Amino acid sequence: MRRPLAGRITALVAAGLLLPALAACGSDDDKSSPGEGGDSALVIYSGRNEKLVKPILDKLEKAVGTKVEVRYGDSAELAAQILEEGDRTKAGLFFSQDAGALGALAKEGMLAKLPQEQLDKVDKAYRSADGDWVGLSGRARVIAYNPDQVAEGDVPDSVHDVVKPEWKGKVGFAPTNASFQAFVTGMRVLEGDDATREWLKALKDNGAKTYAHNLATLDGVEAGEVSLGLVNHYYWYERVAEKGEDKVNSKLHFLPGKDPGALINVAGAGVLKDSGQSETAQKAVDFLLSEEAQTYFADKTMEYPLAAGVTSTVEGLPPFDSLESPDIDLGKLESLQETLAMLQDVGLV
Amino acid sequence: MQKALGARSFRIAAGPRPPLVLLVPACVAALFALLPLGYLAVRALERGPGYAWDVVADERTLHLLGRSLGLTAVVVAASLVLGVSLAWLTVRTALPGARAWSVLATLPLAVPSYVAAFAWLSAAPGLAGFAGAALALTLVSFPYVHLPVAAALRGIDPAQEEASRSLGHGPAATFLRVTLPQLRPAAAGGGLLVALYVLSDFGAVSLMRYDTFTRAIHTSYRASFDRTPAAALSVVLVVMTVALVAAEARTRGRAGHARTGTGTARPAVPMALGRWGPPALLWCGAVVAVAIVFPLGTLAYWLTAGSSATWDLGAIADTAWATLTVAAAGAALTTALALPVGVIAARHRGRGARLLEQAAYAGHALPGITVALSLVFFAVRYAYPLYQQLPLLVCAYAVLFLPVAVAATRAAVLQAPPVLEDVARSLGRRPWQVLREVTVPLAAPGVAAGAALTFVVCMKELPATLLLRPTGMDTLATRLWTETGAGSFAAAAPYAAALILLAAVPSYLLGRHRT
């Protein structure tokens, strides 16, 4: 009984030991960077979820006319990976879920400057001031409410109101969610650290309910566990697209008056300088800013298209230019570290 | 038969220097495991030792260290209780369906910690915090104790327990004074793995919103995109790991645990449970219910509640096949590298042997993302053609999970009497012949258990797989990540279920093997 097993294990051992040996042989011929060897494939590192963007990236392949390989991952982790790869990065294009990760690469000088005509397609507020990256789609912070518990007219117009006593224990939010943290960072930029800390404390003291993520927050509002939820707009529109509006209990309120709670986060893209793929990568950016791609973001991911001339046709979605979002340099949202320290101090994460 | 009683009294000698046939591959394995540390040194000192020290000496660092250690202690204690009790009940008693329980007790290992945390959180949001993190982590990591302890129990010669009973000890006293001490190496080794798993875990603690050391490391990557503080904090984890490994080594004592009697040990006669039968069944049932049935039930709920469910069986099968292949290769390489380290750790007591074993463990508490980035760092610089190729991913698994296989190998070799190796040597066998003809065959069941364990943890590995996989390749774990990331829990469920079902295969084979 034991013999055959031992034999098999010996075989495994032999096979296993051969592997690193082979690997070592393979590593001897050192090749130069991928772009130089007639290898014309475009490699995209995508921090955006495959489920959301694969269809449009498939079309991108046809549009740029070369083979496109996509590596999906977490935006921050992919940024760390690119930083670690340095000038030997395989990535030609970095498609990020948020501006922060793009800013980190720009800061290390890893992104190529984009042509002015590309940049000009997008409002200054939603691209890098130095021309390193460009925003492609936007998502607005909103308040979701349960109309069985709150009349439309009573929904707060400012995040400052949700910490008032009448909302005690009735507000839900997701403190570990990146968009919520970006909103807190925006509030710090707009109103200062002290005011933000006070607000967070008040939110906590007011018995606001924490959820694991935005979807769970929306579920909480749907089920009436809380009356109000601080979420991103597209979760609600996705829910409506999935279930039909009559089956969705909650409603959305877009905050007026440049309230910090109406922040718009963007997903964007930057071209890697050292990959030898900048020409195709720039074509890819062109495509992502084209009407076809922008319409995709509007219709399929329910976000706001950022390129001029494209408007969302999603039913019930307020037009982008009607949103009264705060004026914030999204580049400044890189100071997330302090936001997290603050959330930890207050005891929310 | 009388000689068997003497088993506990013989001591392992300091032993001669390990033969080269063991020493060379063991050193290769250790160097492999030390790669992440080299990377950490480069990154942590990037801005000078002063900066790194400031990060480490921060008051928050100490605070987080305390929280991490507290969580670790609770999870280890709970895992020991669950793991040892289930192992004893399934191996040594006449528990109805013992083999099935034994297989079921291994399965929780295939449940990713974030799936467990998610399931508990959606059922009871109030669990968020320490309690939830401890619960989720215990339920996914107790098989680390259960498997080696069960293997050790199978290897114990029942003659010793019989002698103890004949000398007037009751079953409880026999268990405490004869059986338990022999289980100590296996239980302590398993407990150490649980401890390091808890220290390195990010999935469960982040969902449960319990701030630990690993979360601080992740925050450094995610919030400030800064690898220097992350590396400095990681170094603290390494120091902590080495301390834990040293502490575990101290609990080992100097007793030998091999059988020295003549002939072959009989299989133990299963103990009749009598009136303890129903409570024992209830206990096993309860553990399996919370550790396996509950997460599977949650998956079933996701399937029925969401509309994103797609039963693309072809895609699931392809992904499952890719996962099996890469996990099998990972387990094979890891086991091969662990074998020499495990044999040396069991048979030799010099400082060199201790260092080798510690080196194998050193990086095991590091979060997957840190290990993955270190391999990116080295591969891009020194093995560029391999970068983002399958062999590198397999190597990453070996770096990540070497201690899992080392612990299993060491515990298995400890149970094989060294005197048989001495006899083989005295008969003129060369060291590699001794290894092949005596040590490995005797330790084979334990080594195979270690390989199965490694296989399962490779299957569910996520952070390193995401960064190092060939572009376009998916494993069940990465698919699960993609689907849950898009909020499509119903579409995620089949992948999570496939992961758990595939893990059942090695568990089942292990259960069969012991007959």
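Contact here means that the C-beta atoms of two residues, placed from the backbone, lie within 7 Å.

This is a predicted model, in which local features need pLDDT of at least 70 and side-chain atom pairs count only at pLDDT 80 or more, while totals for chains, interfaces and linings use all residues. Residues are numbered from 1 along each chain as its sequence is written, and chains are lettered from A and ligands numbered from 1 in the order in which they are written.

**Confidence**

The model scores ipTM 0.85 and pTM 0.84.

| Element of chain B | Confidence in chain B | Mean pLDDT |
|---|---|---|
| Helix α1 (residues 2-5) | lowest | 41 |
| Helix α7 (residues 130-141) | highest | 93 |

Over residues 1-14 of chain B, pLDDT stays under 50, and the model has 28 contacts beyond four places in sequence for them.

**The nonpolar core**

B:Ala136 is also among the residues with the most contacts inside the largest nonpolar core, alongside A:Leu93, A:Phe94, B:Ala396 and B:Leu402. That core has 292 residues. Such a core is a set of buried Ala, Val, Leu, Ile, Met, Phe, Trp, Tyr and Cys residues joined through C-beta atoms within 7 Å. A residue is buried if 20 or more other C-beta atoms lie within 10 Å of its own, exposed if 12 or fewer, and partly exposed in between. Helix α18 (residues 390-415) of chain B gives the most to this core, with 20 residues. Domain 1 and domain 2 of chain A both give residues to the core, so it lies between them.

**Chain A**

Chain A comes to 12 helices and 10 strands, and buried residues make up 52% of its 349 residues. It is divided into domain 1 (39-138 + 266-317) and domain 2 (139-263 + 334-346), with bounds from an automatic or database domain assignment. The C-alpha centres of these two domains lie 28 Å apart. Across the boundary, 11 residues of domain 1 are in contact with 9 residues of domain 2. Helix α4 (residues 99-107) of chain A gives the most to the domain 1 side, with 3 residues.

After α22(B) comes B:Gly487, whose phi is positive, near 80°.

B:Gly446 is found in helix α20 (residues 431-460) of chain B. This glycine is buried, with 27 other C-beta atoms within 10 Å. Leaving aside neighbours within four places in sequence, B:Gly446 is in contact with B:Ala151, B:Ala408, B:Thr409, B:Ala411 and B:Ala412.

Technical notes: Helix = DSSP H or I, 4+ residues; strand = E, 2+ residues; numbered from the N terminus. pLDDT = per-residue confidence, 0-100.
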